[in-house]
Amino acid sequence: MGKWSDGVFECWNNAFKPQYSIIPSLQRFLSWSLLIWVVYLLTITLFALTGGDLAPYDPTAQQVLARLLPPFSSSSRGFHWLGTDQLGRDLLSNMLAGARLTLFIGLVSNVIGMAIGVSLGMLAGYYGGAVDRFVMRLSEAQTAMPMFLVAIFFLTVLGPKVLNVVIILPTLIWPAFARLVRAETLRLRSALFVEAAVATGATDWTVLWSNILPNMAPRIAVLAVIELGHVMLAEAGLSFLGVGVQPPSTTWGLLIARGRAYLAVAWWLAIMPGIMLGLTVLALNMLSRRFAATSGSAA
Amino acid sequence: MNHSSLSAFLLARLRDGLLVLLLITLVIFVLGHMIGDPAALMAPVDASEQEIARLRRQLGLDRPFTEQFATYFGSLLRGDFGQSLWQDRPALTVVLEALPATVLLTLVGLVFAGLGGSLLGVLAGARPESALDRCANFLSITALSVPNFWLGLLLIVIFAVQLGALPTSGFTSWQSLILPASALAIIHGARVFQLVRSATFEEMTKPYALVARSKGLPERLILWKHILRNTAVTMLTTIGWEYVRMMGGAAFAIEVVFAWPGIGQLMIHAASRQDFPVLQAAVIIAGAFVIVTNGIVDLLYRYLDSRIRAA
């Protein structure tokens, strides 16, 4: 068994090497369209990492004479690709600056949810018995609860802070990880190489960490990509409803909420950030489908 | 399914449902009473420490946790969800008044999501990789990638602001229903489409379809009679699950976008006014809806599935 990252790399390589080719040109088209999505995601990530430093204008700079300019118009400052808002701030720069917090919340919540789900799922699948029953009951009960409403309640009581958003979002996604990982662990536990590892005296920890986990890493990766999209949509929803991230912080969901008041006079303020968010989630969905199709996982 | 196993199943479902409801109230109670401080929230802004302490004693907040929860749960069972701080009426009444509007909107949205998603799903699944399949598949993935409230705003911009054709907010005539119900139908129909499509595709490759085809039955008959009967279970359970999703919060953001006078809008108003009794009542009532729908879907699934296996 190699390092756990080997599985991810193998899955990644397969994703860019279509195995089923009907027509060669179709095969090329698929890879190219996938490449476009990957480039889009990398661009958004780059803007998120630099925090809007690469944006055309200072996202907070106001300009009284250039309020509510439509997309593709110019002001004394220059060209505004996506127009300006009610205070004359450049919309594109604001969206690129908002990428940082949007992606940060999505990734952190996703990693926390994944860590909880994977650990509990492995424990449940490996030890079975009471641990298994407890974990599965918990995840069933949570799936049956209207968690989005509980999240609204939670954030109203504890205050709409980024920290609280990052605390509540993982609770929406961990059951999906736990169910997948439990089923995979059950399957792998009876595999020959696991029995061999146990026979040579490997501890439970070693078996779980270096034998079982690497073998299901590709499937966890597929699910993580899907769930990242879900978490980002949930954050946007909470921020839109006013119980998530608060101004002056910026996320795409918050930009949509802010643009809503100007829907009749400046549609681009609410619509454009939604397109950027939608494209990001769409790119993640496309990527996960390609992963799933090539690694033979049905996640 | 014989009678004893059915009643055992019903009892088990009922028990699980009540347990989940108990869990919801426990979570709400812990959040509201243990982490938050109801006395500080209810007291006037300029109240002194002593006044807050007296209020805390009056509300019984100095009692042990289990005793407080028992009192709380007991009053919930009697239908007492407390008084709305903002409207000064019983919280349960406020929520139940908003319920019919939410049920109307979600049911209309669900009917169109179910019909549209199933029809397209069967057609696309019957001809995989056809133009229809590719288009519908891409559109449904796109619909599932955008926030539903954003889709609502987009519909407002196109049909109300630009075309000036339809009302955008409130509930004044049946026309007000069109846009919010369409937004719900598109998003939830997209997921119904995905699942029905893959179910149809799977059935098409099974031996009985091959036999029917080799007998010379017309393709249309195979699809709409034999295949449809086998995908019906997937269809109905998927549609049921979508209703759970709607009542679990998806429909609520749509209500806020269209100022629809249902539970979702009520919840957000209550949240912005820190009206916890109404917020609690709304979460618990919506939770009860989710649990009951879950139970019905399960029951339906078992009933249909056993009938198909027996046939």
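First, some housekeeping. Residues are numbered from 1 along each chain as its sequence is written, while chains are lettered from A and ligands numbered from 1 in the order in which they are written. Since this is a predicted model, local features need pLDDT of at least 70 and side-chain atom pairs count only at pLDDT 80 or more, whereas totals for chains, interfaces and linings use all residues.

On confidence, the model scores ipTM 0.87 and pTM 0.87. Chain B has a mean pLDDT of 86, with 94% of its residues at 70 or more; pLDDT is the predictor's confidence in each residue, from 0 to 100.

Let's take chain B as a whole. Its secondary structure comes to 12 helices and zero strands. Helices here are DSSP runs of H or I with at least four residues, strands are runs of E with at least two, and both are numbered from the N terminus. The C-alpha atoms of chain B fill a box of roughly 85 × 60 × 30 Å along the principal axes. Of the 311 residues in chain B, 39% are buried. A residue counts as buried if 20 or more other C-beta atoms lie within 10 Å of its own, as exposed if 12 or fewer do, and as partly exposed in between, with C-beta atoms placed from the backbone. Contacts, for their part, are pairs of residues whose C-beta atoms, placed from the backbone, lie within 7 Å. In chain B, 74% of the contacts with a separation of 6 or more are between residues 24 or more positions apart.

Now for the place where the chains meet. Here 34 residues of chain A are in contact with 37 residues of chain B. On chain A, helices H4 (129-144), H5 (147-158), H8 (204-240), H9 (252-260) and H10 (268-295) each supply at least two residues of the side that touches chain B. H5(A) gives the largest share of that side, nine residues. By class, the side of chain A that touches chain B has 26 nonpolar, seven polar and one charged residues. In this tally, Ala, Val, Leu, Ile, Met, Phe, Trp, Tyr, Cys and Pro are nonpolar, Asp, Glu, Lys and Arg are charged, and the others, Gly among them, are polar.

Look for a kink of about 55° at A:Leu213, shortly before the proline A:Pro214. The bend at a residue is the angle between axes fitted to the seven residues ending there and the seven starting there. H8(A) is mostly covered, with 30 of its 37 residues buried.

A:Ile212 also lies in H8(A). Why is A:Ile212 called buried? Because 26 other C-beta atoms lie within 10 Å. Leaving aside neighbours within four places in sequence, A:Ile212 is in contact with A:Met122, A:Thr185, A:Leu188, A:Val194 and A:Val207. Past the helix comes A:Gly242, whose phi is positive, near 90°. In the loop between H8 and H9 of chain A you'll find A:Pro248, and the peptide bond from A:Pro247 to A:Pro248 is cis, with omega near 10°.

B:Glu129 has a positive phi of about 70° although it is not a glycine. B:Gln274, in the loop between H11 and helix H12 (276-310) of chain B, has a positive phi near 55°.

Finally, the core. A nonpolar core is a set of buried Ala, Val, Leu, Ile, Met, Phe, Trp, Tyr and Cys residues joined through C-beta atoms within 7 Å. Of the 167 residues in the largest one, A:Ile152, A:Phe153, A:Phe177, B:Val95, B:Met267, B:Ala282 and B:Val283 touch the most other members. H8(A) supplies the largest share of this core, 21 residues. Leaving aside neighbours within four places in sequence, B:Ala282 is in contact with B:Val95, B:Ile263, B:Leu266, B:Met267 and B:Ala270.

Conventions:
Two residues are in contact if their C-beta atoms, placed from the backbone, lie within 7 Å.
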